[in-house]
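This briefing summarises the overall fold, the surface and selected charged contacts of the structure shown below.

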Amino acid sequence: MEHTPAGGTVADLMCGTGSVSEALKMKGFRVIAADVLTFAVLHAQVRLLLNRAPTFQGLDSMPYHCVLEQLNLLPVRNEFFTREFSPAGPTHQGVAPRKYFTEANASKIDAIRLQIKQWSDCGLITSAEKGLLLHDLVLAANKVANIAGTYGHFRSTWSSTALRPIEMVPTIFISGHRTDHSVLQGPAEHLAQSLKADLCYLDPPYMKRQYAANYHILETLARLDEPAANGVSGLRPWRDQHSAFCTKTNIRAAFGRIFSTMQCNRFLISYSEDGLLSLGQLKSLFEEYGEVSYKCFSYPRFRSNDSLLSGTVTEYLFQVVKS
Ligand SMILES: C[S@@+](CC[C@H](N)C(=O)[O-])C[C@H]1O[C@@H](n2cnc3c(N)ncnc32)[C@H](O)[C@@H]1O
């Protein structure tokens, strides 16, 4: 960061939760955030573009915390989430009801989604207000989801957190920071050609596991739609949001396209020793585009008892300075 001018532009093109983008905003940088997934884009929009709660004028200027209270108190509805993601759903084509949420939480999620949709369809909330409420819903639902990490599978027994009632909790805003940031949706390797920044941070997926498939329920919450829910996991169609960084055949070209088309000379890239490309492979790939240096950080590894992997995992932080 020491090479980036104060107040300069930093791109975070795989922004995920938006927490790195938010930290960059707090440091006074102008941020360009992007991701392929809608819920990640919503998180970044809230964290970067809002410094205070919106006014909800279309709801008689109801204070933000009262809007959330109203949503928390809605009577439950048995609709899409209850049908597809709770045990109250039907057995369909031999697929047993899914246990991502208790019936009580899924039917509350249905009620909240339908209310946000109705307010939006009737023009009673702005797109920023809708985005904030959906961001809050994604966070609230994620806290009570009956999963072990991702939405690739639900647990067969209920976790203690899944049994808690879902609650919409107000986002805390920190005022006084610039809001002239941009948030974009799409593959970084396609967006890069129209972007200019002093520094670009890339935190790609490093394994074959596609985020779009593993976080499909959060995507459905953010999109406020009712897609086909396929198979045991109830996957939405996700291939249009697949990541080139999850396949060995496409990852090199995707990195290359970002480095060569973006108007930016300095890149920081996070990667893991467990990733598709080894340290040596990453180094030689990056050296095609510029001068490469890197640091290693070791962290305790979360592992099951029968894991053959070592007790620590090494993460790499590469710097590529374009030549
Ligand atoms: C490791 S996570 C990033 C975590 C993030 N740094 C944070 O603070 O939460 C990887 C992210 O990259 C996104 N992603 C995957 N392929 C992408 C691509 N080609 N372009 C943009 N985003 C992509 C995923 O949707 C996911 O949100």
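**Charged pairs and overall architecture**

Asp225 is partly exposed, with a relative accessible area of 22%. In this predicted model, the side chain of Asp225 forms a salt bridge with that of Arg236, at 2.7 Å from N to O. The pair links distant parts of the chain, since both residues lie in the loop between helix 9 (216-223) and helix 10 (251-261), 11 residues apart. Arg236 is buried, at a relative accessible area of 5%.

**Other salt bridges**
- The structure contains six salt bridges.
- Arg98 pairs with Glu84, with 2.8 Å between the closest N and O atoms. Because Arg98 belongs to the loop between helix 4 (80-85) and helix 5 (103-121) and Glu84 to helix 4, this pair ties together parts 14 residues apart in sequence.
- Arg98 is buried, with a relative accessible area of 6%.
- Asp180 and Arg178 form a salt bridge through their side chains, at 2.8 Å from N to O. Asp180 is partly exposed at 38% relative accessible area, and Arg178 is partly exposed at 28%.

**Fold and dimensions**
- The protein comprises 11 helices and seven strands.
- The C-alpha trace spans about 60 × 50 × 30 Å along the principal axes.
- Of the contacts between residues at least 6 apart in sequence, 71% join residues at least 24 apart.

**Surface and charge**
- Buried residues account for 50% of the 323 residues.
- The protein exposes about 15,700 Å², of which carbon and sulfur atoms supply 52%.
- The mean positions of the 32 positive and 29 negative charges lie 3 Å apart.

Conventions:
Residues numbered from 1 in each chain as written. Predicted model: local features only at pLDDT ≥ 70, side-chain atom pairs only at ≥ 80, totals over all residues. Heavy atoms only, no water. Helix = DSSP H or I, 4+ residues; strand = E, 2+ residues; numbered from the N terminus. Buried < 20%, exposed > 50% of the residue type's maximum accessible area, 1.4 Å probe, protein only. Contact = heavy atoms within 4.5 Å. Areas by Shrake-Rupley, 256 points an atom, 1.4 Å probe, with all protein chains shown as cover. Lys, Arg positive; Asp, Glu negative; His and termini not counted. Charge placed at Lys NZ, Arg CZ, Asp CG, Glu CD. Salt bridge = Lys/Arg side-chain N within 4 Å of Asp/Glu carboxyl O.
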